[in-house]
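Visitor: Could you walk me through this protein, starting with its overall fold and then moving to a few local details?
Guide: Gladly; let us look at the structure together.

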Amino acid sequence: MNEPGPVVSFRDVSFARGGSAILDRLNLEVMAGETLVLLGRSGSGKTTALKMVNGLIFPDSGAVNVDGKPTTEWDPILLRRRIGYVIQETGLFPHFTVARNVGLGPTLEKWPQARIEARTRELLQTVGLDPAEVSGRFPRELSGGQRQRVGVARALARGSSLLLFDEPFGALDPITRHELQQEFLRLRGVFGSTSLFVTHDVREAMKLGTKIALLRNGRVDVLATPSGFLTAKSDEARAFAQCLRDEER
């Protein structure tokens with residue numbers, strides 16, 4: 001029996017803007033159930049790579065494959081509907097209630113209304129929010145942490161097996177950030193989703209990743225498990241590891 005292929009793969013992917021290379025022959029695979037953290041400094045290509053997975057950006061050369069099919073061959077609407085996407089400011093529609101935001105994907109898929117409402121209640125509870133308390137509120141009436149929880153619930157609403165996170169907790173206070181990191185780990189255990197998670201925070205990468213891809217100048221500098229990352233020999237990995245040690249003093 002053939003082994004299942006990667007959920008996402010980058011094959012010699014290059015991308016440039018304004019004459020500057022952002023990704024340079026990037027090669028990377030994400031297997032089912034993994035949380036692959038894209039770690040790196042600002043400008044290393046992390047978010048560009050993430051946006052290529054759901055077809056917001058396309059390579060100048062090479063291919064990004066989702067479930068074995070290049071993103072250029074997917075219907076872009078179908079591709080984006082099968083992927084959950086969580087960004088730093090959640091991307092919630094400000095004029096939609098919480099319930100309507102969470103139920104947006106199932107609504108677009110034309111689920112029956114009763115099923116949408118049941119799924120919305122279930123997911124709000126799953127991410128630690130009381131549906132009776134928040135369903136009728138608007139995003140502006142929520143705290144930052146609550147908005148991020150709603151964003152995660154919306155990403156999970158259609159049962160997406162692939163989730164993309166673009167520095168989702170970066171703007172939060174340390175306590176809320178810690179709580180949502182713990183929530184992410186709990187939800188991963190519940191849903192078993194495959195995730196790509198962008199961060200520049202090495203502590204977050206070590207905590208959340210099953211693998212870490214350290215990007216430098218648009219290429220993978222190190223690909224390792226969290227424990228392997230700490231012993232990686234590259235100068236860039238050592239610099240990130242030193243930041244972690246300095247924080248622990």
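Visitor: How many helices and strands does the secondary structure of the protein chain come to?
Guide: One thing to keep in mind is that this is a predicted model. Its secondary structure includes both kinds of element, and the count for the protein chain is eleven helices and ten strands.

Visitor: Which radius of gyration does the protein chain have, and what does the globule rule give for 249 residues?
Guide: The globule rule gives 18 Å for 249 residues, and the chain comes close to that, so it is as compact as a globular protein of that length. Along the principal axes, the C-alpha atoms fill a box of roughly 55 × 50 × 45 Å. The radius of gyration itself is 18 Å.

Visitor: What percentage of the contacts with a separation of 6 or more comes from residues 24 or more positions apart?
Guide: For background, buried residues make up 48% of the 249 residues. The accessible surface is about 12,100 Å², with 50% of it belonging to carbon and sulfur atoms. As for those contacts between residues 24 or more positions apart, their share is 68%.

Visitor: How much space lies in the largest cavity?
Guide: Searching the whole structure with a threshold of 30 Å³ or more turns up one cavity. The space inside the largest cavity is about 150 Å³.

Visitor: Which element supplies the largest share of the lining of the largest cavity?
Guide: The lining has 15 residues, and V152, L163, F165, F184 and L187 lie nearest the centre of the cavity. By class, ten are nonpolar, two polar and three charged. At least two lining residues come from each of α7 (144–156), β7 (162–166) and α8 (174–191). The largest share, six residues, is that of α8.

Visitor: Is α1 largely enclosed by the rest of the structure or largely open, and which of its residues are buried?
Guide: Six of the eight residues of α1 are buried, so the helix is largely enclosed by the rest of the structure. Just after α1, G55 takes a positive phi of about 75°. The buried residues of α1 are K46, T48, A49, L50, M52 and V53.

Visitor: Which residues does N54 touch, leaving aside those up to four places away in sequence?
Guide: N54 sits in the loop between α1 (46–53) and β4 (61–66). Its relative accessibility is 4%, so N54 counts as buried, the cut-off being under 20%. Beyond four places away in sequence, N54 touches L79, R80, I83, Y85 and L164.

Visitor: Where is D12, and is D12 buried, partly exposed or exposed?
Guide: Most residues other than glycine have a negative phi. D12 has a positive phi, near 50°. The place of D12 is in strand β1 (residues 8–17). With a relative accessible area of 44%, D12 falls between 20% and 50%, so D12 is partly exposed.

Visitor: And N217: which value is its phi near?
Guide: N217 lies in the loop between β9 (211–216) and β10 (219–224). Its relative accessible area is 63%, which is over 50%, so N217 is exposed. N217 is a residue other than glycine with a positive phi, and the value is near 55°.

Terms used: Residues numbered from 1 in each chain as written. Predicted model: local features only at pLDDT ≥ 70, side-chain atom pairs only at ≥ 80, totals over all residues. Heavy atoms only, no water. 1 Å grid on protein atoms, 1.4 Å probe; cavity = no way out; pocket = protein on both sides within 12 Å on 5 of 7 lines; lining within 4 Å. Points joined across faces, edges and corners; volume = space filled by probe spheres on them. Helix = DSSP H or I, 4+ residues; strand = E, 2+ residues; numbered from the N terminus. Nonpolar A, V, L, I, M, F, W, Y, C, P; charged D, E, K, R; others polar. Rg over C-alpha atoms; globule rule 2.2 N^0.38 Å. Buried < 20%, exposed > 50% of the residue type's maximum accessible area, 1.4 Å probe, protein only. Contact = heavy atoms within 4.5 Å. Areas by Shrake-Rupley, 256 points an atom, 1.4 Å probe, with all protein chains shown as cover.
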